[in-house]
Amino acid sequence: MGGRAAHDRRAPGATLAEVDAGYAARIARRFGQAPVADTERLTRDQWTVAGGFDRHRPLWKVTLADSHGSELYVSSSTGSVVQSTTRRERLWNWLGSVPHWLYPTVLRQDNAAWRQIVMWVSGPCIAAAVAGMWIGILRTRLGRHRFSGGRASPYRGWMLWHHLAGLVGGGFLIAWIVSGWLSVDPGHLFRSVPPAEAAARTYAAADQVSAVQFDRLATAGAGTVRARLTDYANTPLVVLDYADGRRTTLSAASLTPARPTTRAIVAAARRLQAGASLIALDRLTTPDAYWYQVGDMPRLPILHLRFDDPASTWLYVDPATGEVLATVDRRRRIYRWAFDLLHKWDLNVLTQHRPIWDLLLWLGSIAGLVTSISGVWLGWKRLQRRRP
């Protein structure tokens, strides 16, 4: 079983010291199944710049001597591997996600500045794309009123490529730019109000959990790669994860198979939602429009709870542990359509019937790429013209 508890032999309740270089190297070597080439302590870099890593900083970056050029990042507080990259992944991210999101470390580490730049760069691009699309439509003739030679477009050469690609991919391009602009939530239109901190703490840990019998757990958890102690919905459990993806939940007190009852989950969820009335409870065995995973199936079955609070909150709860896996209120549901759909086209009917989804994205991307490249080339040629 992974984690620091399996390796630390100090008295129960003792405060663990910060993870040092030697410990980080041992964890990384076991995780990556390869020798360690180098260990470096850092605050952030290109692959750990996001705010989700803040509670693990400073980080230990461990480079492995394997054929993939693997680099692992170990938390200085928990000893967990919180990020891993390979040489191939880093290359494609430099070519793709970093320029796509304007994500260089020097900019992304200042979230406020990065957000403002994304908004102000996207604005002129949206205006240019909409204007170009409108001009392209006006310059298209169909039916009996075509241009000479029966052509629908008056242009030739690069202008023709730009015109046709813009008509085909202009809608995709505008949708991507607008949804990308919405991704940083301008004006905080989609910001949700989280549950009260005290209520969230109570849901995650309602009472003191009895001591776990680790000698028995070593036997009950034989073959597991991770053990977690949870207390969601007032149900203390030990969650055991196996390398093949299986998962077992045991009572923290007796170490026998257990899980929270639906009644316990509903009662705890009502307290979490500040006494709002539960108006619907469903057990989902297939993904829906808000609980899905692109390219794979999400965790199922899942409990779907809907409340009548002012934000019209929906909770997606793991029935095996009682953990709230997603909170989706009215604003987040609008965001799902305004950003996720227009940016990723991630409808279940597409993503679960691949390669239809892949072909749609490829065609839209190619049309948008031709539109952009031809537009840049034509603009450059225009700037090179000398005045008479």
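Mentor: Before we use any helix angles, note that axes are lines fitted to C-alpha atoms, for helices over the stretch in contact, and that angles run from 0 to 180 degrees between N-to-C directions. Please also keep in mind that this is a predicted model.

Trainee: Okay, so at what angle do α6 and α12 cross, and within what distance do their axes come?

Mentor: The axes of α6 and α12 cross at roughly 125° and come within 7 Å. Because angles over 145 degrees count as roughly antiparallel and 65 to 115 as roughly perpendicular, that value makes α6 oblique to α12.

Trainee: Which hand does that crossing have, left or right? And how many residues of each class are in the contact?

Mentor: α6 passes α12 in a left-handed crossing, and the residues of their contact divide into 14 nonpolar, ten polar and no charged.

Trainee: What about α6 and α10, what are the angle and the axis distance there?

Mentor: Helices α6 and α10 pack at about 135°, with their axes 8 Å apart, which makes α6 oblique to α10. The crossing of α6 past α10 is left-handed.

Trainee: Which residues meet there?

Mentor: On the α6 side they are Ala175, Trp176, Ser179, Gly180 and Leu182, and these meet Tyr335, Ala338, Phe339, Leu342 and His343 in α10. By class, that contact has seven nonpolar, three polar and no charged residues.

Trainee: Let me try another pair, then: how do α7 and α9 pack?

Mentor: Helix α7, residues 197-204, packs against helix α9, residues 262-272, at an angle of about 165°, and their axes are 9 Å apart. That makes α7 roughly antiparallel to α9, and α7 passes α9 in a right-handed crossing.

Trainee: And which residues make the contact?

Mentor: From α7 the contact is made by Ala199, Ala200 and Tyr203, and from α9 by Ile265, Ala268, Ala269, Arg271 and Leu272. Sorted by class, the residues of this contact are seven nonpolar, no polar and one charged.

Trainee: Switching topic to pockets, how much space lies in the largest one?

Mentor: The largest pocket holds about 1,900 Å³ of space. It is lined by 50 residues, and the closest to its centre are His100, Leu173, Trp176, Ile177 and Ser372. Trp176 has come up already, as one of the α6 residues that meet α10.

Trainee: Which helices supply at least two residues of that lining?

Mentor: They are α3 (97-100), α5 (111-138), α6 (158-182), α10 (330-344) and α12 (356-384). The lining as a whole has 29 nonpolar, 18 polar and three charged residues.

Terms used
Residues are numbered from 1 along each chain as its sequence is written. This is a predicted model: local features need pLDDT of at least 70, side-chain atom pairs count only at pLDDT 80 or more; totals for chains, interfaces and linings use all residues. Side-chain values use heavy atoms; hydrogens and water are left out. Helices (H or I, at least four residues) and strands (E, at least two) are DSSP runs, numbered from the N terminus. Angles under 35 degrees count as roughly parallel, over 145 as roughly antiparallel, 65 to 115 as roughly perpendicular and the rest as oblique. A crossing is left-handed if the near helix is turned anticlockwise from the far one by less than a right angle, and right-handed if clockwise. Contact means heavy atoms within 4.5 Å. Ala, Val, Leu, Ile, Met, Phe, Trp, Tyr, Cys and Pro count as nonpolar, Asp, Glu, Lys and Arg as charged, and the others, Gly among them, as polar. On a 1 Å grid over the protein atoms alone, a cavity is a set of points where a 1.4 Å probe fits but cannot get out, and a pocket is an open set with protein on both sides within 12 Å along at least five of seven lines; lining residues have an atom within 4 Å of a point. Grid points are joined across faces, edges and corners, and a volume is the space filled by probe spheres set on the points.
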